[in-house]
Amino acid sequence: MKKAYAIVIRNGLILLVRRPGLPIWDLPGGDLLPNENEREGIRRLIKELLSFDSSVDELIGVYTKESHEAITYVYKVREKISQSRMESHDYAAFNFFDLQSLPLNIFPERQRQIKDYLTGRYPVRMRFKTNRWLLRIEKLIKERKNQK
């Protein structure tokens, strides 16, 4: 399974989102369609999930996990229209945060991906080790998705 997430920067702040029922901040994005190009997929996801047009600038990294077959692509994404109006039926909340003081309740993988962006040395290729509590959260997310 392929996933894509976006790092959207506005006025030096990063866009983070929260899914309904989860008190954890995340980067906007999600699952790509079968045979979908990663760049096209992240543009589609941003349009569907946040209702604004975007352009994909650079690949920040390709991330895999020890215990999963999933591949995650993280891109730097720019709003086509500066200060785009955002709305979402899929996210419970979305907000811009200072890059130097991110919320504590953010997925650890996303913290790493944001750190990779901040270094300016990308694209990165990384394999994450299995984290037990993260597996539990992912299982909870899948269960909630299946309930809808």
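In this predicted model, the largest nonpolar core has 20 residues, and the members touching the most others are Ile42, Leu50 and Val77. Strands E1 (2-10) and E2 (13-18), helix H1 (38-50), and strands E5 and E6 each give two or more residues to this core. Helix H1 is the top contributor, with five residues. Leaving aside residues up to four places away in sequence, Ile42 touches Ala4, Tyr5, Ala6, Pro28, Gly29, Leu32, Val56, Tyr75 and Val77. As a general point, nonpolar side chains in soluble globular proteins tend to be buried together.

Now for the aromatic rings. A search through the whole structure turns up two aromatic pairs. One of them is tryptophan 25 with phenylalanine 97: the ring centres are 4.9 Å apart and the planes sit at 70 degrees, so this pair is edge-to-face. Tryptophan 25 belongs to strand E3 (residues 25-26) and phenylalanine 97 to strand E7 (residues 93-98), so the pair ties together parts of the chain that are 72 residues apart in sequence. Tryptophan 25 is buried at 9% relative accessibility, and phenylalanine 97 is buried too, at 17%. The other pair is tyrosine 117 with tyrosine 122, where the centres are 6.3 Å apart and the planes are at 15 degrees, so these rings are stacked. Tyrosine 117 is buried, with 13% relative accessible area.

Arginine 18 puts its charged end over the ring of tryptophan 25, 5.2 Å from the ring centre. Arginine 110 does likewise with tyrosine 5, its charged end being 3.8 Å from the centre of that ring.

On to the salt bridges, of which there are 13. Here are some of them:

| Aspartate 26 | Arginine 19 | 3.6 Å |

Aspartate 116 is in helix H2 (residues 108-119) and is buried, with a relative accessible area of 3%. Setting aside residues up to four places away in sequence, aspartate 116 touches Ile60, Tyr63, Arg121, Tyr122 and Val124.

Tyr122 comes up again in the backbone. A cis peptide bond, with omega of about 15 degrees, joins tyrosine 122 to proline 123. Proline 123 is in the loop between H2 and strand E8 (124-128). For context, most peptide bonds are trans, and most residues other than glycine have a negative phi.

Which way does phi go at asparagine 35? Asparagine 35 isn't a glycine, yet its phi is positive, at about 60 degrees. Asparagine 35 is in the loop between strand E4 (29-31) and H1, and at 82% relative accessibility it counts as exposed. Serine 51 is another non-glycine residue with a positive phi, near 65 degrees. Serine 51 sits in the loop between H1 and E5, where it is partly exposed, with 33% relative accessible area.

Finally, the database side. An unreviewed UniProt entry lists residues 1-118 as "domain: Nudix hydrolase". In the model, that span is 20% helix and 40% strand, and its end C-alpha atoms lie 27 Å apart.

Conventions: Residues are numbered from 1 along each chain as its sequence is written. This is a predicted model: local features need pLDDT of at least 70, side-chain atom pairs count only at pLDDT 80 or more; totals for chains, interfaces and linings use all residues. Side-chain values use heavy atoms; hydrogens and water are left out. A salt bridge is a side-chain nitrogen of Lys or Arg within 4 Å of a carboxyl oxygen of Asp or Glu. Helices (H or I, at least four residues) and strands (E, at least two) are DSSP runs, numbered from the N terminus. Buried means under 20% relative accessible area, exposed over 50%, partly exposed in between (1.4 Å probe, protein chains only). Contact means heavy atoms within 4.5 Å. Rings of Phe, Tyr and Trp (its six-membered ring) pair if their centres lie within 6.5 Å; planes under 30 degrees apart count as stacked, over 60 as edge-to-face and the rest as tilted. A charge sits over a ring if NZ of Lys or CZ of Arg is within 6 Å of the ring centre and within 35 degrees of the ring normal. A nonpolar core is a set of buried Ala, Val, Leu, Ile, Met, Phe, Trp, Tyr and Cys residues joined through side-chain atoms within 4.5 Å. UniProt positions are given in the numbering used here, feature names are shortened, and annotations may be inferred rather than shown by experiment.
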